[in-house]
Amino acid sequence: MNPPRPDPDALLRAAAREGKGRLKVFLGAAPGVGKTYEMLSDGAARRDAGIDVVIGVVETHGRRETEDKVHGLEVVPRKRIAYQGHILDEMDIDAILARKPALALVDELAHTNAPGSRHDKRYQDVEELLEAGIDVYSTLNIQHLESLNDLIASFTKVRVRETLPDRVIEDADLEIVDIPPDELIERLREGKVYVPEVATRALGHFFSKSNLSALRELALRRAAQAVDAQMLDYMRANAVGGTWAVNDRLVVAISEQPGALELVRAAKRLADALRAPWTAVHIETPRSTGFTDAENAQLAETIHLAAQLGAQVATVPATSVVEGLKHFAADARATQLIVGKSVRSRWFEMRHGSIVDRLVRETPGLAVHVLPLELAPPQRSLPPGRPVSAWGAPSGYAVSLGLVLLVTLLGMAIFARGNITNIGLLFLIPVMVAATRYGLRTGIVTGLVSSLAYNFFFIPPTHTFTIEDPQNIITVLVLLGVAIVGSQLASQVREQALLAQASSAQNSSLAGFARQLTGISTTDELAQVLCAEVARLLDGNTIILIPEKDSLSIRASCPSGYKLELLDEAAARWTLDNNKPAGRGSDTLTASEWLFYPVGTASKVMAVFGLSRSDARAPIRSDQLPLLLSLLDQAGLALERIALEEEMSNLAHVRERDRLRHALLSSVSHDLRTPLTTILGSLKEIRATSPEQEQQLLATRSEAERLHRFVANLLDMVRIEAGSLHQSIEPVDLSEAVASALHDLGAALLDHPTHMKIPADLPFVLVDPQLFHHCLINLIENAAKYGQPGTPVTIAAHRDTHGLALSVEDEGLGIPEGQEKRIFETFTRIEGSDRKGGTGLGLAIVKGFAEAMGLEVCAANRSGGRGASFIIRFRPGQLREWPQE
Amino acid sequence: MSNPLTILVVDDEPAIRRLLHAGLTRADYRVVEAGSAKETLSAIQIDKPEVVLLDLGLPDRDGLELIPIIKSVGPAVIVVSARDATDQKVAALDLGADDYVSKPFDSEEVLARIRTALRHRLASETANPIVRCGEIEIDLAGRIVRKAGMEMHLTPKEYGFLAELAKSHGRVVTHAQLLRSVWGPGHESDVEYLRVAARGIRRKLEDDPAQPTLIRNEPGVGYRLITLTSS
């Protein structure tokens with residue numbers, strides 16, 4: 001027998017939880033059971049155990065015991081939000097994120113935030129805290145739970161507006177805060193629950209004993225379920241217990257009817273009970289194109305609810321609901337199907353057959369649950385949006401009636417040769433043509449006209465509209481019947497074709513887009529194509545933002561040249577940071593005019609795509625969403641491909657550049673340095689025979705030395721820029737290092753006395769001694785060069801709160817204002833200083849070397865007196881105290 | 001001198017060899033040249049030089065590998081190396097090279113290094129227990145340091161540090177060599193001990209500790225005792 005294997009899904013769930021904070025929810029049956037009190041007690045206990053606990057938000061409702069509990073716990077001040085003349089207090093999520101405690105106490109998980117807050121709902125704030133690795137304790141009353149909302153409303157007659165998606169507490173630890181109903185009612189009477197005047201009113205409605213008992217049972221059951229589920233998860237992740245049944249898969253069919261919301265909640269309850277994944281599917285039939293705006297909105301709400309409750313959502317085009325459901329259920333390998341039984345007229349069912357009957361008949365092996373949809377469908381207006389008006393085009397009538405005329409003339413020609421009763425059959429031709437080509441009404445009109453014409457011209461008594469022979473009545477009825485049936489059949493065929501066209505249009509736009517993407521090799525091009533394509537397909541405004549370093553910048557928009565408001569940018573930023581949609585029509589930052597979607601892979605957002613409309617409508621209709629998401633998926637893949645390609649080519653560039661640098665480095669070092677060494681050496685050997693020669697020799701030698709310094713500096717610069725500085729950090733005694741530098745400078749300092757002001761108690765600095773030596777030499781040489789002859793160069797060091805500062809000061813002309821930064825740039829020399837014989841590299845090398853060692857250099861004019869001051873700063877981490885001996 | 005001392009100049013650049021050749025000949029040394037590792041190895045056998053001036057960048061072999069071989073035959077080794085190649089200098093010294101000069105070099109400096117190296121070769125045979133630098137006198141046999149005749153008190157580590165430099169006076173001693181012989185194996189990277197000792201010695205022996213004349217710090221490489229003869 002094989003050893004039990006861990007269930008991958010359970011392992012994934014466990015993995016997703018790692019690194020995140022844990023949520024613990026204190027669940028109660030009703031207000032007043034003591035959830036907040038319990039949460040605060042637990043929080044205080046954790047604090048006493050050494051955990052960093054803060055109160056994010058706690059509502060004490062003026063309850064004394066609870067208020068006492070708050071004392072001693074740190075409270076993060078709330079944020080004040082102005083709304084319509086009121087000041088509302090809300091939890092300050094940014095303050096908590098910045099404070100970063102180990103555990104935050106956040107009361108009332110189902111709370112709805114004031115408009116203008118970052119998230120609509122408090123649980124979204126909590127989710128962000130959890131993402132940031134902060135544990136959260138929160139409280140919840142059972143009636144706020146989305147899936148129980150209807151059920152509880154049905155017996156308490158109180159519907160709460162603030163609901164919480166079940167998924168939020170799915171992974172949470174639940175702690176039931178429970179007191180018997182009698183005790184709760186007692187507490188209520190004593191005024192311990194609500195502020196007294198509200199209490200009596202509430203008591204009568206909500207806090208009846210039977211209500212409280214029912215609520216209590218629901219809360220306990222829910223907690224038990226959660227424990228079960230978590231235990232099961234644990235067992236599966238660790239492969240405890242060996243076998244478990246093949247998972248059920250549940251599909252719920254949703255429609256545009258309001259009752260579908262209840263259907264979704266019921267499906268969620270069933271899915272929970274079965275521990276089954278579930279999918280909400282909407283079958284898009286030809287009828288769907290005729291939905292009113294209200295119906296579309298209703299459908300979108302249902303889809304949204306299903307997604308919130310944790311369902312996968314799909315929209316599938318099909319010619320009929322039954323066909324679509326049948327295929328979808330088979331593809332999804334569903335075991336359970338939930339449908340609503342709509343209240344339709346008997347007439348409708350006779351014509352179309354009951355969907356439920358057909359489903360049960362045609363899907364053997366599938367358990368079909370039928371739930372009644374209590375609410376009547378909304379008033380349907382005339383089906384709008386049909387491509388042709390319901391009455392048909394005038395040209396259709398003209399052609400059909402022309403045909404009737406032709407047939408009549410032909411009939412009369414035949415009639416003249418003898419009474420042939422089957423002439424009536426001729427009229428089937430115009431009726432069939434009209435019904436199949438121009439629709440039902442044109443068909444019926446043509447049928448009527450045909451039967452009248454037949455009656456008038458051919459049925460005795462001719463030239464009257466009376467019918468004597470009952471046999472001829474049948475002919476008239478047949479003509480009408482053919483008109484109706486023919487047009488029905490034809491219109492079905494036509495609508496199927498239209499739907500197929502729509503679906504193939506969608507597929508072809510996807511395919512076209514994919515084709516366009518393959519040819520694209522730059523991000524800019526991709527951004528433009530995506531913007532243009534989506535704007536064209538969805539008829540809206542589009543924009544693409546791409547993160548660059550720390551900012552989001554607009555890469556393309558359609559129409560081009562869009563700017564974003566601050567609020568829109570915040571929404572885009574949020575999408576980037578959280579990999580979730582934000583903005584109008586989403587759950588977050590809904591005040592933005594734009595709706596932003598992340599573009600990229602599941603783990604990394606590579607761009608943010610925004611969509612808006614000039615009119616006030618939602619940026620995207622629910623039926624367009626799958627197309628948009630597919631387009632964005634493709635764009636995300638393409639972006640990743642482009643990024644990889646760019647990275648590869650950058651790498652190649654860098655390699656090539658490094659190779660050239662290296663070649664330059666070694667060629668300069670060898671090809672220039674060796675001859676220079678020879679020249680310098682030889683010049684020193686040569687003895688002058690006359691004073692003029694002596695002068696020339698001196699000049700040549702000094703020029704050769706300058707050239708040598710220049711080459712050495714150039715080499716240093718190349719090493720800095722190539723990043724090939726090799727460092728070995730050791731503790732260096734500043735006074736010793738300065739003394740070495742002064743010694744090596746020797747003759748260069750002949751004109752300048754040097755003052756060294758380095759206190760003996762300064763710590764070591766941790767630097768590369770060789771690089772630091774060159775820094776000092778260049779700085780001191782620079783000071784000597786720009787100071788007037790005879791003026792001193794002062795090297796001083798002192799400790800301050802930021803670490804340690806070493807300064808080299810001269811008494812020259814100082815640095816022109818505004819040039820303090822520029823003088824460290826390569827080949828920069830202060831204006832008017834051309835005669836100083838510098839190479840313009842000395843300070844750039846100082847900066848390069850210093851920065852390579854993590855030091856900071858800056859320049860300023862001396863505060864008291866003439867001259868410049870160059871400062872090297874050491875951070876506290878770059879200092880080491882002298883060992884005690 | 002009747003029997004001139006022989007110097008082997010190893011460099012793959014003929015121009016550098018010519019330059020050194022001229023300078024050294026003028027100082028009455030006999031000069032032989034080698035342009036590759038192979039020529040070097042045969043030259044040290046045939047010409048038996050007293051000092052080898054060794055450029056490490058050779059076409060056929062890494063100059064560092066030659067140091068132990070040359071030292072095993074006998075001559076002193078002075079490495080000629082680029083200014084910024086600190087690691088290379090330290091590696092060469094730790095492999096047994098006696099000293100180094102940086103390119104571009106000064107002929108005077110090269111001659112001074114050669115003199116120091118030669119003196120040590122002679123001194124190693126007739127050990128001189130007293131080293132003098134100006135008014136400082138280091139008595140290696142008596143373990144006494146005097147300044148202008150006055151006995152100065154140094155801590156044991158300070159004395160050990162100074163004595164180690166004095167034994168190689170004029171030549172650079174690397175950090176690792178100093179730490180190993182004074183503080184013992186296992187302390188080769190505790191450079192701050194050296195800084196402390198150097199500061200203590202300067203405070204006690206130098207006239208102006210801020211402008212030391214006795215012990216010179218070679219950044220990243222080691223310390224050198226300055227004797228009058230070598231500068």
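In the predicted model, the backbone oxygen of Val106(A) lies 2.6 Å from a polar atom of the side chain of Ser138(A). Ser138(A) belongs to strand β7 of chain A, which covers residues 135-141, and it counts as buried because its relative accessibility is 0%, where the cut-off for burial is under 20%. Apart from neighbours within four places in sequence, the residues in contact with Ser138(A) include Leu23(A), Lys24(A), Val25(A) and Phe26(A), together with Met39(A) and the run of Val106(A), Asp107(A), Glu108(A) and Leu109(A).

Between chain B and chain A, about 3,200 Å² is buried, 50% of it on carbon and sulfur atoms, and the contact draws 36 residues from chain A and 32 residues from chain B. Five salt bridges are counted between the two chains, one of them joining the side chains of Asp733(A) and Arg199(B) at 2.8 Å, N to O. On the side of chain B that touches chain A, two or more residues each are given by α1 (14-26), α4 (86-94), α8 (191-205) and β11 (215-218) of chain B, and the largest share, seven residues, comes from α8(B). The residues of this side divide into 13 nonpolar, seven polar and twelve charged.

Conventions: Residues numbered from 1 in each chain as written. Chains lettered and ligands numbered in written order. Predicted model: local features only at pLDDT ≥ 70, side-chain atom pairs only at ≥ 80, totals over all residues. Heavy atoms only, no water. Helix = DSSP H or I, 4+ residues; strand = E, 2+ residues; numbered from the N terminus. Buried < 20%, exposed > 50% of the residue type's maximum accessible area, 1.4 Å probe, protein only. Polar contact = N/O pair within 3.5 Å; in protein donor to acceptor, adjacent residues only side chain to side chain. Contact = heavy atoms within 4.5 Å. Buried area = accessible area lost by both parts, 1.4 Å probe. Salt bridge = Lys/Arg side-chain N within 4 Å of Asp/Glu carboxyl O. Nonpolar A, V, L, I, M, F, W, Y, C, P; charged D, E, K, R; others polar.
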